[in-house]
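Thank you all for coming; I would like to walk you through one structure this morning, going from its packing to its loops. Please have the sequence and the model open while I talk.

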Amino acid sequence: MNKSTFRLIQPFIVLQVIVFVGIAGYMLIENASFVNALFMTTISITTVGYGEVIPLSVAGKWFTIFLLITSWGTFAFAITRITQFVVNGEINKYFKTRKLMKDIASLQDHVILCGYGRNGHQAAQILKAHKVPFVVIEKNEQLILKKIAEGETILHLEGDGTDDDLLRLAGVERARALISTLPVDAENVFIVLSARSLNPSIHIISRASDAASVPKLKKAGADNVIMPDRIGGTYMATLVSKPDVVEFIDFLSGEAGHSIHMESVSYSDLPQELKGKPLREIMNWNRTGVNCIGIKDPEGKFIINPPDDTNIINGMKVILLGSRHQVMQMKANLK
């Protein structure tokens, strides 16, 4: 962005330098006033041919010759560069990029998606269905432009997700999660390391192609590591044994189930009067219709369909299921 800005204003900077040199030269050599020096510089640069307003000494004439030759070349360069910007559409691209950076800078608690291949595109579709803001980092600009031509609206940055500066531009310090879907495990490891160092609290999900890469990604800082090939095989086998269950889960997580939400509420989010209380009292408090489907204990283990008399203590999370309206109402009650 800074390079584009400099290239855009470079012709105007060069023109300003020539004007400054001309004014300073006439004022120093001929003791001209500022207005007369500006007039002489202007008629020299524009080559309009008006007469001099001050008598020129030999040094002044040599300076005028230098200014005419220099300014002619500079003016031609400036006009050529400005024309190039207009003809090539670089000005339009510059302002589009500026708007894009402004939109990305306004994001808060968003998701950074590294890679926009098959897995990245699918993740983007789910995030979009659930109205989760995200920004894409992709090396292949043509891939992004193809999706945009197909009608998709994508906040994106072109480049390598392993670049710390690019992650900062994507707002990694403000993001709540990062998803790395690159096909090369080594690149995913670098992205995870960079993101974890820039934001220690960010939730990182990474793809892995090789089972041997899973512990390395975990050690690098990934919270979750997904192997698409293994999940695909499991999914297909489960469709044979439990097709209705799988279809129901697809409904909850896919675009068709955009009105159904699952949400986790941690102990720290509960009102003071409900902390340490049984699950029964928590679910009956300002009831909105959501249902508890599980609890995550302080050790990270899940309890499915927990008893009503389970006390919610520090470190626990309650997993809730409900419609979008019910979940939003429940979250509003917790504020």
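When I say that two residues touch or are in contact, I mean heavy atoms within 4.5 Å. What we are looking at is a predicted model, in which local features need pLDDT of at least 70 and side-chain atom pairs count only at pLDDT 80 or more, while totals for chains, interfaces and linings use all residues. Residues are numbered from 1 along each chain as its sequence is written, and side-chain values use heavy atoms, with hydrogens and water left out.

Let me begin with Leu-320, which lies in strand β10; helices (H or I, at least four residues) and strands (E, at least two) are DSSP runs, numbered from the N terminus. Is Leu-320 buried or exposed? On our scale, buried means under 20% relative accessible area, exposed over 50%, and partly exposed in between, with a 1.4 Å probe and protein chains only. Leu-320 has a relative accessibility of 4%, and therefore counts as buried. Leaving out residues up to four places away in sequence, Leu-320 touches His-261, Met-262, Glu-263, Val-265, Met-283, Val-290, Asn-291, Cys-292 and Met-330. Its C-alpha atom is separated by 14 Å from that of Trp-285, which is 35 residues apart from Leu-320 along the chain.

Both of those residues return when we turn to empty space inside the model. Rolling a probe the size of a water molecule over the atoms shows where empty space is left. Here a cavity is a set of points, on a 1 Å grid over the protein atoms alone, where a 1.4 Å probe fits but cannot get out, and lining residues have an atom within 4 Å of a point. Grid points are joined across faces, edges and corners, and a volume is the space filled by probe spheres set on the points. By this rule the count comes to 1 cavity of 30 Å³ or more, and the largest cavity has a volume of about 180 Å³. Which residues lie nearest its centre? Of the 16 residues in its lining, they are Ile-282, Trp-285, Val-290, Leu-320 and Met-330. At least two lining residues come from each of α12 (279-284), β10 (317-323) and α13 (324-334), and α13 gives the most, with 3 residues. By class, the lining has 11 nonpolar, 4 polar and 1 charged residues, where Ala, Val, Leu, Ile, Met, Phe, Trp, Tyr, Cys and Pro count as nonpolar, Asp, Glu, Lys and Arg as charged, and the others, Gly among them, as polar.

Lys-277 sits in the loop between β7 (260-266) and α12, and is partly exposed, with a relative accessible area of 33%. Apart from its neighbours within four places in sequence, Lys-277 is in contact with Ile-282, Thr-310, Asn-311 and Ile-312.

Now to the nonpolar cores, each being a set of buried Ala, Val, Leu, Ile, Met, Phe, Trp, Tyr and Cys residues joined through side-chain atoms within 4.5 Å. The largest has 28 residues, and those with the most contacts inside it are Ile-112, Ile-137, Leu-157, Val-172, Leu-178 and Ile-204. Two or more residues of this core come from each of α4 (90-105), β1 (111-114), β2 (134-138), α7 (164-169), α8 (185-198) and α9 (214-220), with the largest share, 4 residues, from α8. A second, separate core of 16 residues includes Leu-274, Val-290, Ile-295 and Met-316.

Asp-160 is found in the loop between β3 (156-158) and α7; with a relative accessible area of 28%, Asp-160 is partly exposed. Beyond four places in sequence, Asp-160 touches Ile-137, Lys-139 and Leu-166. A polar contact of 3.0 Å joins its side chain to that of Thr-162, such a contact being a pair of N or O atoms within 3.5 Å, where within protein one must be able to donate a hydrogen and the other to accept it, and residues adjacent in sequence count only if both atoms are side-chain atoms.

I will finish with local backbone features. At the start of helix α6 (residues 141-149), a side-chain oxygen of Asn-140 comes within 3.1 Å of the backbone nitrogen of Gln-142, and α6 is followed by Gly-151, whose positive phi is near 110°. Where does Asn-31, a residue other than glycine with a positive phi near 55°, lie? Asn-31 is in the loop between α1 (2-29) and α2 (34-46), and at 66% relative accessibility counts as exposed. Asp-109, in the loop between α4 and β1, also has a positive phi, near 55°, and is partly exposed at 46% relative accessible area.

How values were computed. 1 Å grid on protein atoms, 1.4 Å probe; cavity = no way out; pocket = protein on both sides within 12 Å on 5 of 7 lines; lining within 4 Å.
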